[in-house]
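Here are my notes on this model, point by point. Please read them with the structure open.

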Amino acid sequence: MKYMKLGTKPDTFYTAEAVRSVVSDIPADLIIHVNNTKYQLHKRLCSDTDDGDEEPVPVALHDIPGGEEAFELCAKFCYGISISISAGNLVPAMLAARFLRMTEAVAKGNLVAKLETFFDSCVLQGWKDSIAALQAAWRMAGWSESRIVQPCIDSIVEKILMPPSKVTWSYTYTRPGYTRRPHQSVPKDWWTEDISELDVEVFRSVISTVRASRLLPPPLIGEALHVYACKHLVDPLHSGSGAGAAANGVLHQAQSSAAGEETLANQRRVLESIVTMIPGEAGSVTGRFLLRLLRVANYVGASSSTRAQLIRQAGSQLDEARAADLLIPLPSDPYAYDVGAAEAVLEHFLAQFQRLAAPDERRRVGAAMEKVARIFDEYLRTIALDRDFPVGKFVDLAECLPDFARSDHDGLYYAIDTYLKEHPELSKADKKRLCRLIDCRKLSTDVRAKAISNDRMPLRTIVQLLFVEQERTIGGVGASHGAIAPEGPSLDAISRLAARTKEDEPAPSSAGHKSDVHRLRGDRAQGADGAAMTRSLSASTKTAAAARKERTPEERGSRMRNKQ
């Protein structure tokens, strides 16, 4: 940061009984009030004072820009006392000097001219100096001080658009894992952290000007938005410990107090501004970032149009997310999740299939569908941990994905098993309702083995699993060309099933009793009931051998002759 030194005399201002005075042999004859500070100075500082007056002249300057500090800089300049000007105090000093009309029309070499020269020749030439001056001018005067704000914006944009190879000034870059080394090339997003210090309205002006130039790719603009959001928006999901817990506490406290409404209003303002700046090009921002913005929008009460835009954009990039990204806290309870918002995001993702016509697009989205199915099943597994989550809503969520979306049902099985474990009070009917969602043919071998020995699974599901296991075993034998047949489902599993059948399933009271076996999804209904199917598993390996033993020698000879 560059400095300018004015004046050569030592600082002789002092404070006595809450009054600021200057050491002088001449008695003070001018009293100036600036807010809560009283200054005793001399009339010779003012060109339009009457030297004939003997009584001190009181003057009130409560509305001077920059307050006491800026006024004192101007006063010290008049006394020739040494002062240092930098980008940090340039703006209040310049605004105060203009307010006091310290121009060339009053005296040659006056303060306004010196400050403007320093601003043009030094501050605007520097990167961080331009940002500091812009931020100070905005906070003091907003757009009304265009003589400072606009030149600073132009200087910042000009430097952002320069090729990274021409960047020679200091900048802030603290990405995790990044270590700056000598002669290392400048990263393309070198400028994003420094401009994140700006107020959102000034930040928007900078980003809009950069985008209008069309010299930077949209993902680079998206990265700048991501850095700004991480700095200014609190993610309500990160409430476990450390800074996340503190930030979440700030939002929760803001919601519960009238004074905190200002905090929420500022969060809404920043969020909605960022959303309007997201480039329309695909891939400008990540799906995870969009879901983070949706979490914030949901928590701070953003407008319905903002939430709708985020749901639509996040849905189109849902395959880039993780299951935890779909955990969207409710505004009323940071430890409860808005399942409806996650469901809406999924619906927008699925809507892409209805609009696609080109085969290439369908293949691309089809690959994304498999990722989304895994993500959503893992999300279901997390939701299942909620002891108060109703079984009907869980079933509805699981059925949001169409049948073709899941290439396997391993993730769905684990989600349902977690729900059964966390809700042991479920009725048999509810357990069956849940497990009907599982297509046993789509379970991997290892998961199917775990499910068969899982006591939380309903009997009808275990029977179905055993049937599929036997079907796979028989199919494997047919393809092995004479290999020794495996034993199929273990006798232990069948014994356990038989024991549970006797214990939990009473015998049918009439001949018209219907089977309780869960039919395979998408297959033709099987005619045998659960008990008959279980018996067929244990007896299947015996039938062929018994038949061979019962043949007469003549029958065996006849069979050999037929083969010849």
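1. Buried means under 20% relative accessible area, exposed over 50%, and partly exposed in between (1.4 Å probe, protein chains only). Of the 564 residues in the protein, 44% are buried.

2. This is a predicted model, in which local features need pLDDT of at least 70 and side-chain atom pairs count only at pLDDT 80 or more, while totals for chains, interfaces and linings use all residues. Residues are numbered from 1 along each chain as its sequence is written, and side-chain values use heavy atoms, with hydrogens and water left out.

3. The protein has 23 helices and seven strands. Helices (H or I, at least four residues) and strands (E, at least two) are DSSP runs, numbered from the N terminus. A contact means heavy atoms within 4.5 Å. Among contacts with a separation of 6 or more, 68% come from residues 24 or more positions apart.

4. Next, the packing of two helices. H15 and helix H17 (residues 410-422) pack at an angle of about 5°, with their axes 8 Å apart. That makes H15 roughly parallel to H17. Axes are lines fitted to C-alpha atoms, for helices over the stretch in contact, and angles run from 0 to 180 degrees between N-to-C directions. Angles under 35 degrees count as roughly parallel, over 145 as roughly antiparallel, 65 to 115 as roughly perpendicular and the rest as oblique.

5. Which residues make this contact? From H15 come Asp377, Leu380 and Arg381; they meet Gly411, Leu412, Tyr414, Ala415 and Thr418 in H17. The residues of the contact of H15 with H17 divide into four nonpolar (Ala, Val, Leu, Ile, Met, Phe, Trp, Tyr, Cys and Pro), two polar (the others, Gly among them) and two charged (Asp, Glu, Lys and Arg).

6. The structure holds 10 aromatic pairs. The rings of Phe376 and Tyr379 have centres 5.5 Å apart and planes at 40°, so this pair is tilted. Rings of Phe, Tyr and Trp (its six-membered ring) pair if their centres lie within 6.5 Å; planes under 30 degrees apart count as stacked, over 60 as edge-to-face and the rest as tilted. Phe376 and Tyr379 both lie in helix H15 (residues 359-383), three residues apart, about one turn of the helix. Both are buried. Elsewhere, Trp127, Trp169, Tyr171 and Trp190 form one aromatic cluster.

7. Is Asp325 buried or exposed? Asp325 is buried, with a relative accessible area of 5%. Asp325 is found in the loop between helix H12 (304-316) and helix H13 (339-350). Leaving aside neighbours within four places in sequence, Asp325 is in contact with Arg288, Leu291 and Arg295.
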